[in-house]
Amino acid sequence: MRFDVITLFPELFAPFLASGVTRRAYESKQVEVVLWNPRDYAQGNYKRVDDRPFGGGPGMVMMAEPLAACLDAALAARGVQAPVVLFSPIGEALRHEAVERWSASEGAVLVCGRYEGIDQRFIDARITHQVSLGDFVLSGGEIAAMALLDAVARLQPGVLGDEASHVQDSFNPALDGLLDCPHYTRPEQWNGQGVPAPLLSGHHAQIERWRRDQRLAITAERRPELIEAARAAGRLGKADEAVLKKKL
């Protein structure tokens with residue numbers, strides 16, 4: 001798959017693409033990332049990409065013309081049409097289901113806004129999807145783009161080394177959409193605290209029941225709506241309901 005990223009700060013992506021386990025996806029081109037700077041498509045000696053907002057107010061607004069020219073170049077290089085994604089507070093919250101869809105797609109063009117925003121005419125004419133990381137505002141879309149790229153890259157075959165790793169992640173359907181359980185490693189005693197006995201038992205069924213109970217308890221406390229979603233989907237058994245009732 002290929003992601004073209006339109007950004008005024010392409011240099012921010014260099015360490016990201018070369019670091020951590022997900023670099024395997026970028027190095028192998030399982031997830032190809034191509035960076036585009038709209039300033040390269042701006043007119044005039046100063047290559048201006050922003051201007052003051054009509055109606056007044058603080059900040060600057062990214063201009064439609066250089067963004068459109070940059071997007072045209074990115075789409076021409078791809079050779080085919082592709083979704084065009086803008087990271088925006090009004091967008092759909094990025095959740096596991098959406099990440100899975102993107103991870104099975106052919107990619108997209110990711111538009112990273114800056115300053116006070118982007119000329120609405122460009123958004124209306126060229127953006128096909130808007131995505132949000134949550135109810136907060138970033139200085140630009142680059143961090144959000146990296147979050148999507150990282151989430152997609154780690155789902156690609158062979159990237160994490162152990163194919164079972166991402167299956168045990170929070171929100172994964174393999175865990176019925178629940179939050180993950182706590183994890184422990186050596187030493188067995190640290191600062192006077194031990195490891196829960198079931199994890200040391202060597203009894204596989206007992207270990208899995210403990211982990212399931214922990215997932216249920218943590219999800220019920222932190223994200224009760226996920227419990228309701230799992231219940232509505234018929235994913236909770238009698239033993240699960242007994243654990244939840246006991247915790248209540």
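Strands S3, S4 and S7 form an open sheet in the order S3-S4-S7, with mixed pairing. Strands here are DSSP runs (E) of at least two residues and helices are runs (H or I) of at least four, numbered from the N terminus; two strands pair if DSSP finds at least two bridges between them. This is a predicted model, in which local features need pLDDT of at least 70 and side-chain atom pairs count only at pLDDT 80 or more, while totals for chains, interfaces and linings use all residues. Residues are numbered from 1 along each chain as its sequence is written, and side-chain values use heavy atoms, leaving out hydrogens and water.

- Strand S4 (residues 61-62) pairs with S7 in the parallel sense over two bridges, and Met-62 has Ile-118 in S7 as its bridge partner.

**Salt bridges**
- The structure holds 17 salt bridges, each defined as a side-chain nitrogen of Lys or Arg within 4 Å of a carboxyl oxygen of Asp or Glu.
- One of them joins Arg-212 to Asp-176, with the closest N and O atoms 2.9 Å apart.
- Arg-212 lies in helix H8 and Asp-176 in the loop between H6 and strand S9 (189-190), so the pair ties together parts that are 36 residues apart in sequence.
- Both Arg-212 and Asp-176 are buried (under 20% relative accessible area; exposed is over 50% and partly exposed in between, with a 1.4 Å probe and protein chains only).
- Salt bridges with shared partners join Asp-176, Arg-209, Arg-212, Asp-213 and Asp-240 into one network.
- Asp-119 forms a salt bridge with Arg-121, the closest N and O atoms being 2.7 Å apart; Asp-119 is buried at 16% relative accessibility, whereas Arg-121 is exposed at 58%.

**Aromatic pairs**
- There are two aromatic pairs in the structure, where rings of Phe, Tyr and Trp (its six-membered ring) pair if their centres lie within 6.5 Å, with planes under 30 degrees apart counting as stacked, over 60 as edge-to-face and the rest as tilted.
- The ring centres of Phe-16 and Tyr-26 are 5.7 Å apart and the planes are at 45°, so this pair is tilted.
- Phe-16 lies in helix H1 (residues 13-17) and Tyr-26 in helix H2 (residues 23-27), so the pair ties together parts ten residues apart in sequence.
- Phe-16 is buried at 17% relative accessibility, and Tyr-26 is buried at 7%.
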